[in-house]
Amino acid sequence: MKKINSYIIMIIMLCLMTAGCTKEKTETFTGTIIEKGDSYVVVEPCAEEEIRKSADQISFGTEQLDKMFYVGDIVKVTYTGDIMESYPAQINAIAWELIGSDENYTAEDEKPVIYLYPEEEIKASVKLKLDGELTCTYPSYNEGWNVTASPDGTLTDANGQIYNYLYWEGRTDAEYDFTKGFCVKGEDTASFLEEALEKLGLTRKEANEFIVYWLPLMQDNPYNIISFQTDVYTESAKLDITPQPDTLIRVFMAWKISDSYVTIEEQKLDAPHRKGFTVVEWGGAKSVK
């Protein structure tokens, strides 16, 4: 009996040792980054990838990954575990590497926000005609935003929910103009933006919200080539606002990384004087071309 018990114990120990030595199975796929947040990305798998049968968009956290890539980059992703059913689908990525860039991808419009400052409380309608695809809005766009706007900029929807601004993100095929602009050292980005945004008509509060979003993406680069867009942007993202504002300020920064200083014709920056019902929008995009 003791001999049988010894055999049973030995078998159990072997099973436990085998289980402990089994490595978690990993899978890989290749795709293009279509959205990037502070701690996550969304990747569209290539058409031939097996994972695409499960989902056409895959999201995963990037905090534990040792590199950072950008919208438009083609990456090979290694992950473990199951594909979680959501949209986008979610995975546990443990590694990734850069394969190349999508030559057909130019940029993603990231975090444009719209402030409304009427002289007295009004009901306002804001519609956006984007030459592309909206990927995120807050509050929900629903073919337009309809809010009550107060002089201090507070916005209230039909349900009584309060917002500081209207927010949207989207993808377009717009090719931004870099014939004029600035080449700025990464470490000088904050001071440059403070001065530039004041010239472009943003208040200190608006400029602060702009800078705290973009600075983490720019300050550690060797150089940033920056060009504030005018017609290229306003034609690709048209605003229809009712009642019509007396003053409209739209600040959109296209930028890209450079490993060395680039000589570029300096851009003149100015803004209209704020008067009456004023609407202000700021946004930006990292160009991959």
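Two strands are taken to pair if DSSP finds at least two bridges between them. In this predicted model, strands E9 and E10 run antiparallel and are joined by 2 bridges. One of the residues involved is Thr 148, whose bridge partner in E10 is Thr 156.

Strands of a sheet pair through backbone hydrogen bonds, in either a parallel or an antiparallel manner.

Between strand E9 (145-149) and strand E10 (155-156) lies a loop that contains Ser 150. Ser 150 has a relative accessible area of 16% and is therefore buried, the cut-off being under 20%. When neighbours within four places in sequence are left aside, Ser 150 is in contact with Leu 116, Tyr 117, Pro 118 and Glu 121.

The largest pocket holds about 430 Å³ of space. Its lining comprises 23 residues, and those nearest the centre of the pocket are Leu 200, Phe 228, Gln 229, Thr 230 and Gln 267. At least two lining residues are supplied by each of strand E14 (223-229), helix H4 (231-236) and strand E16 (247-258). Strand E16 gives the largest share of this lining, with 5 residues. By residue class, the lining of the largest pocket consists of 11 nonpolar, 6 polar and 6 charged residues.

Technical notes: Residues numbered from 1 in each chain as written. Predicted model: local features only at pLDDT ≥ 70, side-chain atom pairs only at ≥ 80, totals over all residues. Heavy atoms only, no water. Helix = DSSP H or I, 4+ residues; strand = E, 2+ residues; numbered from the N terminus. Buried < 20%, exposed > 50% of the residue type's maximum accessible area, 1.4 Å probe, protein only. Contact = heavy atoms within 4.5 Å. 1 Å grid on protein atoms, 1.4 Å probe; cavity = no way out; pocket = protein on both sides within 12 Å on 5 of 7 lines; lining within 4 Å. Points joined across faces, edges and corners; volume = space filled by probe spheres on them. Nonpolar A, V, L, I, M, F, W, Y, C, P; charged D, E, K, R; others polar.
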